[in-house]
Amino acid sequence: ESSVRGIIHTPARPTGDALALTHGAGSNANAPLLVSLASAFCDAGLLVLRFDLPFRMERPKGPPFPAAAARDREGVAQAVAALRKISSGRVFAGGHSYGGRQTAMAAAEHPEMCSGLLLLSYPLHPPRHPDQLRTSFFPEWRTPALFVHGTRDPFGTLEELRAALTAIPARVDLLAVEGAGHELKRAGRDVPGLAQTILTRMLF
């Protein structure tokens, strides 16, 4: 049975489009980056659902278990389906780090799942292990995507990410956030500005 746990941001002037947004491995739907981006997207007219992945619904702390990642992808698909029931336009899906990776993998498994992807700090490889690339599914990827990546992210440099993106047959774009690390904290000072840039680049 499907259960989605999250917070809905309902816009005052809806565009009809919607976004399901989820968190990274060490966080939850109340991560400051998600809260501030969701508010800014909502101000711009998007219906936004910030949601917890299944691993986080099971326990309040601790990282996800790799063996249960398929359940997290199922959780992404359920959140998008729930959003589709209450929105009239296109539905986008996105997430930070682990959440973005599972969202992209879910979209590769179900190309019709959403209209586009927003991937914040995609964890291209574990820090200090550039040989362990998390790109095996890239050739199956058919959904347009915007990658938002800090120039100081230890999970992948912009050069490494650009090289990896050539394996994706879908239309992809990369938005660099100057001076930001994996948490995109630097972006926190001007989240409305970042959100606006994301929207102009993402609404494919």
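A residue is called buried when its relative accessible area is under 20%, exposed when it is over 50%, and partly exposed in between, with a 1.4 Å probe and protein chains only. The model is predicted, so that local features need pLDDT of at least 70 and side-chain atom pairs count only at pLDDT 80 or more, while totals for chains, interfaces and linings use all residues. Residues are numbered from 1 along each chain as its sequence is written, and side-chain values use heavy atoms, with hydrogens and water left out.

Two loop residues can be taken first. S97, found in the loop between β4 and α4 (98-109), has a phi near 55°, a positive value in a residue other than glycine, and because its relative accessibility is 8%, S97 counts as buried. R128, which lies in the loop between β5 and β6, also is not a glycine and has a positive phi of about 65°, but at 74% relative accessibility R128 counts as exposed. Helices (H or I, at least four residues) and strands (E, at least two) are DSSP runs, numbered from the N terminus.

Helix α6 comprises twelve residues (191-202), which at 1.5 Å a residue should span 16 Å, and its end C-alpha atoms are 16 Å apart, in agreement with this; the expected span is 1.5 Å times one less than the number of residues. Its buried residues are V191, L194, A195, I198, L199 and M202. Seen down the axis of α6, these buried residues fall within an arc of 135°, so they line one face of the helix, the arc being that of the directions from the helix axis to the C-beta atoms. On the other side of α6, P192 and T200 are exposed.
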